[in-house]
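Subject: Structure handover and notes

Dear colleague,

I am passing on the structure that we spoke of, with my notes below it. Please look through the model first and then read the notes alongside it.

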Amino acid sequence: MRATQFVLNQAKKKSGISVPVELTPLFIAMGVALASGSWFTYKKLFYDDSLRVGRKNPEQSALQQILEEKTE
């Protein structure tokens with residue numbers, strides 16, 4: 001008995017990305033971890049006054065005090 005065209009088309013793999021259902025919790029956990037890491041990094045870089053990333057406030061630098069102590 002020969003398979004018809006309809007049955008052959010049903011047996012073909014679907015195109016696109018097929019993700020197993022078992023991996024869904026892994027993707028959700030990784031998404032939450034990535035989002036929270038990004039959020040806390042953003043908060044630390046933009047709202048922490050003690051963190052010096054650029055030259056915004058050179059008065060906070062203790063470099064001058066250290067250099068004066070070394071020369072004395």
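The notes below cover the annotated segment, the salt bridge, the aromatic rings and the surface patch.

This is a predicted model, in which local features need pLDDT of at least 70 and side-chain atom pairs count only at pLDDT 80 or more, while totals for chains, interfaces and linings use all residues. Residues are numbered from 1 along each chain as its sequence is written, and side-chain values use heavy atoms, with hydrogens and water left out.

The UniProt record, an unreviewed entry, places a "transmembrane region" at residues 23-42; such annotations may be inferred rather than shown by experiment. Over residues 23-42 the chain is 95% helix and 0% strand, with the end C-alpha atoms 29 Å apart. Helix α2 spans residues 24-47 and includes Phe40, where helices are DSSP runs (H or I) of at least four residues and strands are runs (E) of at least two, numbered from the N terminus.

One salt bridge is present in the structure, the term being used for a side-chain nitrogen of Lys or Arg within 4 Å of a carboxyl oxygen of Asp or Glu. Its partners are Lys44 and Asp48, at 2.8 Å from N to O. Lys44 is partly exposed at 46% relative accessibility, and Asp48 is also partly exposed, at 22% (buried means under 20% relative accessible area, exposed over 50%, and partly exposed in between, with a 1.4 Å probe and protein chains only).

The search of the whole structure gives three aromatic pairs, where rings of Phe, Tyr and Trp (its six-membered ring) pair if their centres lie within 6.5 Å, and planes under 30 degrees apart count as stacked, over 60 as edge-to-face and the rest as tilted. One of them joins Trp39 and Tyr42 in a tilted arrangement, 6.2 Å centre to centre with 40° between the planes; these two residues are three apart in helix α2, and so about one helical turn separates them. Tyr42 also forms a tilted pair with Phe46, with centres 4.9 Å apart and planes at 45°. Ring pairs link Trp39, Tyr42, Phe46 and Tyr47 into a cluster.

Finally, a nonpolar surface patch of about 800 Å² is made by Trp39, Phe40, Tyr42, Leu45, Phe46, Tyr47 and Leu51. Patch residues have over 30% relative accessible area and no salt bridge, with like charges joined within 9 Å and nonpolar side chains (Val, Leu, Ile, Met, Phe, Trp, Tyr) within 5 Å. Among the members, Phe40 is exposed at 57% and Phe46 at 58%, whereas Trp39 is partly exposed at 48%.

Best regards

Conventions:
Areas by Shrake-Rupley, 256 points an atom, 1.4 Å probe, with all protein chains shown as cover.
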